[in-house]
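Student: Can we walk through this one together? Start with the terms, then the pockets.
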Amino acid sequence: MVLPQAIINIAYLIASILFIAGLKGLSHPRTAIRGNLMGGLGMLIAILATVASKKLDLELIILGIVVGSAIGAVLATKIQMTAMPQMVALLNGFGGIASVLVAGAELLKSVLNPETPDPDLQTLVAIAASGFIGGVTFWGSLVAFGKLQGVGVPDRPVRYSGEQIVKVLLLLISIALAVLIVMDPHDTYLYWVLAGVASVLGVLLVIAIGGADMPVVIALLNSYSGLAAAATGFVLSNNVLIIAGSLVGASGIILTDIMCRAMNRSLANVLFGGFGEIVISSTGDDVYGGKVKSTSAEELAMLLETAQRVVFVPGYGMAVSQAQHAVRDMFNLLESRGITVEFAIHPVAGRMPGHMNVLLAEADIPYDKLIEMDDINPTMGQVDVAIVLGANDVVNPLARTDPKSPIAGMPIIDVDRAKTVIIIKRSLSPGFAGIPNPLFAADNALMLFGDGKKVIQECVAALKEAS
Amino acid sequence: MDFVVILTIFVLAIFVGWEVITKVPPILHTPLMSGSNAISGITIVGALLSAGGAMVANEHVFLTIPGLEIHLSLAKLLGFSAVIFATINVVGGFLVTHRMLEMFKRKD
């Protein structure tokens, strides 16, 4: 069945509206599920409209969709919530490679077809852009996946002398290749060279970035995957691709900006410089020397028994030790005794935007207990016990006090203003920024050394015993 | 289609995206990423056209999938691979977002 183009375009319009309304639904947890379903419905309509727009080889299409759906469904249902950053990185990459392949196929076909004129300037520029953005996105995402999953590439930033020059050179080569493609599209292999150079650039861009900066990278790659789709929309002169692609492009850029602000760093600083590579050797002795007090899970339990308001500050360490379920048990126990328990969430805690929220939601913590940094900071002075669990730089008061510190000006959660701060941590080792944390030596701070999950479990046991 | 018309749509869509997405609260940022990611799988539309379109005059069969009598030109093979990748993106993205959002349901 082939439908008239006007009907197809209206179907694409409906799909676009559903995408926008769906994203709008994500503005509240209550409407979010419906929003996501609307997005899915929009996608289904777009696919059906496309299949009905021309006489297409359905066997092949169905085969591709069945294979892709099976892989996608397995990934989506099997993935652990702690591994969500990797999953998103991988999906970003798949969006990117799809754009590379579609633009490449379009170039081949239009050049080989003797019945149609060569593609015009707009189409050729868009083809080159798809190949470039898609290539950077695909390989950049694979490297990000590798860093997050701990396979193939080191988590730390890989830096070398002259790296920025190499990247600029690759960018210039890409532009030169794009110009050649636009001037003479018949040398189609140039397109694949362009995609290859973009791939190398994607690898180099991401490999230079450390694990704790991944929230920025993933948000940026998310944006690129949208822009790649929009570029492919320019290739095909297809509105729904352009609209959906720009929505995602905008979304990724907004998240990137939020992440950068939450670290008081510019995007350029995260991508090309920053403190990721510095491993400061200055020992924490002058900061910690003799001033650090340590405590035990039993003592923490005693402190909690007399507390009225307790705030948890989770960080990536909570994800690593899979402590979220133990935290939930403690949350339930304390709440059942009339103690107010809240979670203070720093925007860059974890490895992707919103990472901590997802983990805590998975553990059945009600979302109204997850408080944003700016909302909880004014009342930190009234907190009896603040428990820092696997976070470090986001609670480092040097950000406020030392203008020369690499994290100077970064907004932090003011746990040091709580009556007592318990820091659950394996050792005094520095966080990603590589600097000592004077909080650990503060008068109101107690270190609780150990594995996050184990410590919380011991504390829960002690609380139960005492009652 | 006229380039300026397409460009207009592109720019306006970015503004719409900006307005809509700045209202998403931080607690939903991860589902926002995976959900918007699924939407960027819209490239599947292009992939379907590349995979399913008829071969043009100068195209040759590049690969035959044995047993299925499917003959692919290079362009169709690229399109077919793109269908698989884009479908993983779409299906995986929407499903995993749904799974996450289920966890954010209020528990009473």
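Predicted model: local features only at pLDDT ≥ 70, side-chain atom pairs only at ≥ 80, totals over all residues.

Student: How much space lies in the largest pocket?
Tutor: About 920 Å³. It is lined by 34 residues, and the closest to its centre are A:Lys54, A:Glu106, A:Val235, A:Leu236 and B:Leu49.

Student: Which elements give two or more residues to the lining?
Tutor: From chain A, α1 (5–25), α4 (84–112), α5 (121–149), α8 (214–236) and α9 (239–261); from chain B, α3 (44–52). The largest share, six residues, comes from α1(A). Helices here are DSSP runs of H or I with at least four residues, strands are E runs of at least two, and both are numbered from the N terminus.

Student: Switching topic. How many salt bridges over all chains?
Tutor: The search finds 15. The criterion is a side-chain nitrogen of Lys or Arg within 4 Å of a carboxyl oxygen of Asp or Glu.

Student: What does A:Arg265 form a salt bridge with?
Tutor: A:Asp213, with the closest N and O atoms 3.0 Å apart. A:Arg265 is in the loop between α9 and α10 (267–272) of chain A, and A:Asp213 in the loop between α7 (189–207) and α8 of chain A, so the pair ties together parts 52 residues apart in sequence.

Student: Are those two buried or exposed?
Tutor: Both A:Arg265 and A:Asp213 are buried. Buried means under 20% relative accessible area, exposed over 50%, partly exposed in between (1.4 Å probe, protein chains only).

Student: Which residues are linked in a network of salt bridges?
Tutor: A:Arg400, A:Asp414, A:Asp416 and A:Arg417. A:Arg400 meets A:Asp414 at 2.5 Å, N to O, and A:Asp416 at 2.4 Å. A:Arg400 sits in helix α17 of chain A, while A:Asp416 is in the loop between α17 and β5, 16 residues apart. A:Asp414 is buried, at 7% relative accessible area, whereas A:Arg400 is partly exposed at 36%.

Student: Backbone next. Which non-glycine residues have a positive phi?
Tutor: Among them, A:Gln322 at about 55 degrees and A:Asp364 at about 70 degrees. Most residues other than glycine have a negative phi.

Student: Where do A:Gln322 and A:Asp364 lie?
Tutor: A:Gln322 lies in the loop between α13 (316–320) and α14 (324–336) of chain A. A:Asp364 lies in the loop between α15 (355–362) and β3 (370–372) of chain A. A:Gln322 is partly exposed at 28%, and A:Asp364 is partly exposed at 39%.

Student: Last one. Is α4(B) mostly covered or uncovered?
Tutor: Mostly covered: 21 of its 30 residues are buried. Helix α4 (residues 74–103) of chain B reaches 44 Å from its first C-alpha to its last, close to the 44 Å expected. The expected span is 1.5 Å times one less than the number of residues.

Notes: Residues numbered from 1 in each chain as written. Chains lettered and ligands numbered in written order. Heavy atoms only, no water. 1 Å grid on protein atoms, 1.4 Å probe; cavity = no way out; pocket = protein on both sides within 12 Å on 5 of 7 lines; lining within 4 Å. Points joined across faces, edges and corners; volume = space filled by probe spheres on them.
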